[in-house]
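These are my notebook entries on a structure that I looked up.

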Amino acid sequence: MHMLQDYVEKSMYIVFFGGAGVSTESGIPDFRSVDGLYNEKWKYPPEVMISRSFFKRQTEEFFDFYKAKLLYLDAQPNKAHLALAALEKAGKLKAVITQNIDGLHQKAGSENVLELHGSVWRNFCLKCKEVHPVSTVTDAAGVPICNCGGVIKPDIVLYEEQLDDDIMISAMDHIARADMLIIGGTSLAVYPAAGLLDVYKGQRLVLINKSATHMDMMADLVINDSIGDTLSCFV
Ligand code: ZN
């Protein structure tokens, strides 16, 4: 822990890259964990139910699943989110890159958040592009429909969809400039995590994850512990 604080002290351009494990400590289940979504008894596996083709073909079932399993609007930021917001305010941390769609980093006060997979808080009409609040989705009995008659889609990246180029470029740019990269709550197995790391040239690569990852050998510091507890010294 002392080493982590020492690293932070020495660094001027910290970037954080986080996955589902950052949000599990706020009570949002990890898609890919053993007792997570993938083992539940829905008609299809989650990769199917949150795919673009399923959204188009079985829109109502998509929203049943989405509302039951992907919307955690009452979740609150944990110590990891709060610590990262504090490090940004202190001028140390320049960007949070997240694979999560829950908006908890912003709720904690982070400003420069790059959401690789979008956010449940933004929703838009596929026909007229009008932006709708998330309540439009939660209040709808079935498929949320815009005044124009178009279907409203959450602004999240579904399976079979491409990541946003601008966000990817910005994420790579920040990582390339970073003198410290903290990776937390991800096994790094999920695209595009591994590719993003290739551009990192700094001296302080820190991995914080409850279990070991295949990247541990490359890291300067590996902490196998709760990310909230680990980062709580910065809150
Ligand atoms: Zn519309």
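I began with cysteine 146 and found it buried, with a relative accessible area of 5%; buried means under 20%, exposed over 50% and partly exposed in between, with a 1.4 Å probe and protein chains only. Cysteine 148, at 34% relative accessibility, counts as partly exposed.

I noted that this is a predicted model, in which local features need pLDDT of at least 70, side-chain atom pairs count only at pLDDT 80 or more, and totals for chains, interfaces and linings use all residues. Residues are numbered from 1 along each chain as its sequence is written, and side-chain values use heavy atoms, with hydrogens and water left out.

Next I asked which residues coordinate the zinc ion. They are Cys125, Cys128, Cys146 and Cys148, each through SG, at 2.2 to 2.3 Å. Donors are N, O and S atoms within 2.8 Å of the metal (3.2 Å for Na, K and Ca); water is not among the atoms, so sites may look incomplete. Along the chain, the donors of the zinc ion follow the spacing C-x2-C-x17-C-x1-C. The 4 donor atoms subtend angles of 100 to 116° around the zinc ion, so the arrangement is tetrahedral (four donors, all angles between 85 and 135 degrees).

I then turned to the sheet. It is open, with 3 strands in the order β5-β4-β6 and antiparallel pairing. Strands are DSSP runs (E, at least two residues), numbered from the N terminus, and two strands pair if DSSP finds at least two bridges between them. The edge strands, β5 (131-132) and β6 (152-156), each pair on one side only. I found 2 bridges joining β4 (residues 118-125) to β5. Phenylalanine 124 stands opposite valine 131 in β5.

Notes:
Helix = DSSP H or I, 4+ residues; strand = E, 2+ residues; numbered from the N terminus. Tetrahedral: all angles 85-135°; square planar, octahedral: opposite > 155°, others 65-115°.
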